[in-house]
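Visitor: Could you walk me through this model? I am new to reading structures, so please go step by step.
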Amino acid sequence: MNITQWTERVHNRADIVTRLTHLTRATESMDALEVLVKILEDKRLIGSTTQSGYIVGNTPAVCLQETPLEALAAHIRYENESFGQIDKCDVRYSGIGIRFNKVFVYRSGGRPVIYDKTEYLKSILPEEQYWRIVNFDLDNNENCIDWTHEREWRVPNELVFDYDKIELIFPTDEVYRRFVSYCEENNKIHIMKEIHGILILSSIVS
């Protein structure tokens with residue numbers, strides 16, 4: 001199967017996608033949109049670590065989701081109750097992010113994670129592959145651990161990109177307009193011109 005046939009097959013399925021999504025979230029010093037702006041200015045995503053994320057082992061990893069857009073939008077709304085909470089540090093999903101072609105991520109070293117109990121996977125994987133481990137445990141009725149809905153991919157260390165390789169995601173047109181204003185006020189209009197596209201999640205689930 002060549003890459004054209006592979007793409008055609010994916011486009012004829014509602015449950016799989018050709019794009020992977022990285023969502024930003026607020027920090028103590030920046031809101032989620034400011035985090036996105038910094039990523040765009042650096043043209044790179046820096047991997048999370050054991051200390052800053054849920055990464056197993058010593059290799060940092062950039063986290064992305066293979067979730068179809070409609071499911072992603074619905075899940076963000078479910079988790080946050082509304083799209084208006086984008087500036088809170090404790091919100092897991094901001095609705096602000098970047099999408100990459102799956103082939104680009106794969107050729108950049110990205111791979112699907114491996115879901116199972118962490119200690120079991122550490123017993124069978126070489127240590128240099130620990131960054132792919134995501135804990136999965138349904139044994140405890142009071143504390144189920146299941147993130148398989150994210151269909152997560154990870155890239156070890158960092159993901160460097162050019163603007164023509166990305167699409168931007170915004171939760172609402174209001175947040176999109178904030179981004180446009182930033183680009184206009186800071187001589188960054190070239191970002192708007194060079195990116196592959198823009199998606200507004202509220203339009204998908206409204």
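Guide: What follows is a short talk about the chain as a whole, one of its helices, its cores and a few loop residues.

Guide: Please keep in mind throughout that this is a predicted model.

Visitor: Okay, how many helices and strands does the chain have?

Guide: The chain has eight helices and 11 strands, and its C-alpha trace spans about 50 × 45 × 35 Å along the principal axes.

Visitor: And how does its radius of gyration fit with a compact globule?

Guide: A compact globule of 206 residues would have a radius of gyration near 17 Å, and the chain agrees with that because its own value is 17 Å. Of those 206 residues, 42% count as buried, and among contacts between residues at least 6 apart in sequence, 73% join residues at least 24 apart.

Visitor: Which of the residues in helix 6 are buried?

Guide: Val175, Phe179, Val180 and Cys183 are buried in helix 6. They sit on the same side of the helix, because they cover an arc of only 145° around its axis. In general, an α-helix has 3.6 residues a turn, so residues three or four places apart point the same way.

Visitor: What is on the face turned away from that buried side?

Guide: That face of helix 6 carries the exposed residues Glu174, Glu184 and Glu185. The buried residues of helix 6, in turn, are covered by parts that include helix 2 (32-42), strand 10 (166-170) and helix 7 (189-194).

Visitor: What does Phe179 touch, then, leaving aside its neighbours within four places in sequence?

Guide: With those neighbours left aside, Phe179 is in contact with Leu33, Val37, Leu40, Leu168, Phe170, Ile191 and Met192.

Visitor: Which residues of the largest nonpolar core touch the most other members?

Guide: That core has 30 residues, and those that touch the most other members are Leu40, Ile98, Phe100, Phe161, Ile166, Leu168 and Phe179. Several elements supply at least two residues each, including helix 2, strand 4 (97-101), strand 10 and helix 6, and the largest share, seven residues, comes from helix 2. Apart from this core lies another one of seven residues, among them Leu69, Leu72, Ile169 and Leu201.

Visitor: New topic: which way does phi go at Asn187, positive or negative?

Guide: Phi of Asn187 is near 55°, a positive value in a residue other than glycine. Most residues other than glycine have a negative phi. Asn187 lies in the loop between helix 6 and helix 7, and it counts as exposed because its relative accessibility is 67%.

Visitor: And what is phi at Lys43?

Guide: Lys43 also has a positive phi, near 55°, and this residue is in the loop between helix 2 and strand 2 (44-46). Its relative accessibility is 28%, so Lys43 counts as partly exposed.

Methods: Residues are numbered from 1 along each chain as its sequence is written. This is a predicted model: local features need pLDDT of at least 70, side-chain atom pairs count only at pLDDT 80 or more; totals for chains, interfaces and linings use all residues. Side-chain values use heavy atoms; hydrogens and water are left out. Buried means under 20% relative accessible area, exposed over 50%, partly exposed in between (1.4 Å probe, protein chains only). Helices (H or I, at least four residues) and strands (E, at least two) are DSSP runs, numbered from the N terminus. The arc is that of the directions from the helix axis to the C-beta atoms. Contact means heavy atoms within 4.5 Å. A nonpolar core is a set of buried Ala, Val, Leu, Ile, Met, Phe, Trp, Tyr and Cys residues joined through side-chain atoms within 4.5 Å. The radius of gyration is taken over C-alpha atoms; the globule rule is 2.2 Å times the number of residues to the power 0.38.
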